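This report describes selected features of one protein chain. Please keep the sequence and the structure in view while reading.

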Amino acid sequence: MDRELVRTVKLATKNHAGVLCRSVVRHLPHIVVVTALLAAPRASWWVRVQWAELAGEMSAPALAVACWLAALTALTYAASRPRAVYLVDLAGYKPPAEHEASRAKTIAHFGRCDRFNDESMAFQKRMLERSGLGEATHFPMSLISLPVDMCLRTAREESHAVIFGAVDEVLRKSAVPAADVGVLIFNTSLLSCTPSFTSLIVNRYKMRPDVVSHNLSGMGCSAGIIAIDLAKRLLQVHANTYALVVSTENITLNAYMGNNRSMLVTNTLFRVGGAAILLSNRRADRRRAKYQLIHTVRTHRGAHDQSFGCVTQEEDDAGEVGVSLSKELMVVAGEALKTNITTLGPLVLPMSEQLRFLATVVLKKVFRADVKAYLPDFKLALDHFCIHAGGRGVLDELEKSLKLSPWHMEPSRMTLYRFGNTSSSSLWYELAYCEAKGRIRKGDRVWQIAFGSGFKCNSAVWKALRTVDSAAIAAGDNPWIKEVDMLPVDVPRVAPIDESSYQLPN
């Protein structure tokens with residue numbers, strides 16, 4: 001039997017067993033109560049007789065110990081149940097208007113820095129015309145000032161503006177004092193300073209001395225879901241507290257100023273952005289929380305050399321540092337997604353879809369039948385799809401693979417158009433778009449999918465606890481709210497750049 005078939009069946013069986021076990025444990029009190037109520041009419045006489053005999057045989061101390069043990073068992077059961085994790089609120093940072101750069105302005109500044117040859121300039125222009133980015137994405141001032149100012153000081157200025165802007169907003173919206181935050185997780189892939197960014201946040205907001213902090217770096221665009229998964233696990237240990245997750249990326253020190261084509265792609269895609277998410281395990285917060293975290297699934301393909309080396313930070317022949325993207329990236333991403341949904345599917349899909357998938361695998365692998373592998377219809381289980389806006393090619397491939405409609409892809413495509421690839425924070429701009437459009441209804445399920453170097457594919461599934469009223473969102477509470485009525489827009493596959501539309505200042 002094919003190894004992949006055996007692995008798929010074993011993984012599906014394991015996931016089903018886990019779901020069944022958790023379901024039984026979760027509903028055990030109800031099962032016991034219902035059983036007792038159904039059996040009460042017939043067993044009441046027998047119970048009274050047995051209780052009288054037992055009370056007569058047992059001494060008072062023994063009876064007290066038995067009652068105490070029963071209470072302890074009930075308490076242990078209650079404590080062993082996993083704590084629910086709620087998303088209280090989220091904030092996506094929107095840079096000021098002076099950071100906006102049209103595609104013509106971007107090309108003009110690339111040319112003005114005198115680092116690129118004519119071939120590299122032409123390549124970056126072609127990439128921008130096909131990127132799916134719009135005319136108002138954001139660059140740090142260090143890259144659109146004259147001359148370009150790439151140094152640690154300006155890199156910190158960029159990160160400080162994003163971090164403080166997002167955290168200020170989420171704490172204001174949630175009305176939670178920073179001193180109440182018990183868990184702090186920060187992620188950025190390509191900039192790691194001393195003191196760490198978590199220390200920066202603790203200092204800025206005067207957080208309490210016992211705050212549990214983790215600073216994640218080097219984990220790529222999927223690090224936002226990794227941070228959420230880590231927060232979920234920590235909230236199982238630390239009771240009655242909040243977790244603040246901050247996701248961003250630094251552009252200043254990671255713009256590539258060389259002529260290696262595989263490294264130039266990132267210049268045309270990555271832009272400034274960041275998000276802050278406030279989670280809670282406090283039962284009292286369920287009434288006001290927006291979402292409950294249902295599942296997180298993490299897939300790491302780093303054991304495969306092709307996956308490990310498809311996205312790497314390295315130096316070119318001239319000593320310029322950049323992030324290189326290999327030609328196998330889409331193949332690697334597809335394999336990572338396949339592994340991830342094999343794990344996620346049994347957790348969310350209806351049984352009919354799982355059986356269809358398994359049947360085609362058996363026909364293809366065991367009986368060598370000439371049938372296409374069946375890809376389950378995730379739209380039957382999930383309502384909204386927030387796919388990392390890594391680039392137009394990634395979104396096109398995911399739309400095709402998951403059989404999604406333009407409506408489902410709209411949050412991802414508009415995020416890429418309006419904000420560009422903001423790395424790990426792009427998922428939160430997409431969720432904010434769904435909220436601003438009034439799409440989120442109570443009971444809806446949201447699937448966030450992210451890809452990152454290493455190579456990783458990570459998923460999170462959320463359940464909406466209440467309907468998000470877009471009409472009640474204030475102007476400063478959502479990065480989309482001022483322009484959401486003008487979206488979506490049609491983004492042509494190739495959008496020529498009119499370089500004459502922007503003139504560099506003298």
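## Helices, sheet and a buried loop residue

Helices (H or I, at least four residues) and strands (E, at least two) are DSSP runs, numbered from the N terminus. The model is a predicted one, in which local features need pLDDT of at least 70 and side-chain atom pairs count only at pLDDT 80 or more, while totals for chains, interfaces and linings use all residues. Residues are numbered from 1 along each chain as its sequence is written, and side-chain values use heavy atoms, with hydrogens and water left out.

In H8 (residues 197–205), the buried residues are Phe197, Thr198, Ile201 and Tyr205; buried means under 20% relative accessible area (1.4 Å probe, protein chains only). They cover an arc of only 105 degrees around the axis, so they lie on the same side of H8. The arc is taken from the directions from the helix axis to the C-beta atoms. These buried residues pack against helix H7 (152–174), S4, S5 and S6, where contact means heavy atoms within 4.5 Å.

The sheet comes next. Nine strands form an open, mixed sheet in the order S5-S4-S6-S7-S1-S8-S13-S12-S11. Strand S5 (212–216) and strand S11 (384–387) stand at the edges with a single partner strand each, so one side of each has no neighbour in the sheet. Two strands pair if DSSP finds at least two bridges between them. Strand S4 (residues 181–187) pairs with S5 in the parallel sense over five bridges, and Ile185 stands opposite His214 in S5.

| Helix | Residues | Angle |
|---|---|---|
| H9 | 223–237 | about 160 degrees with S4 |
| H12 | 329–348 | about 140 degrees to S8 |

Finally, which loop holds Asn281? Asn281 is placed in the loop between S7 and S8. Asn281 is buried, with a relative accessible area of 7%. A polar atom of the Asn281 side chain lies 2.6 Å from the backbone oxygen of His238, and the side chain of Asn281 also reaches the backbone nitrogen of Asn240 at 3.1 Å. Leaving aside neighbours within four places in sequence, the residues in contact with Asn281 include Arg83, Ala84 and Leu235.

How values were computed:
Axes are lines fitted to C-alpha atoms, for helices over the stretch in contact, and angles run from 0 to 180 degrees between N-to-C directions. Buried means under 20% relative accessible area, exposed over 50%, partly exposed in between (1.4 Å probe, protein chains only). A polar contact is a pair of N or O atoms within 3.5 Å; within protein, one must be able to donate a hydrogen and the other to accept it, and residues adjacent in sequence count only if both atoms are side-chain atoms.
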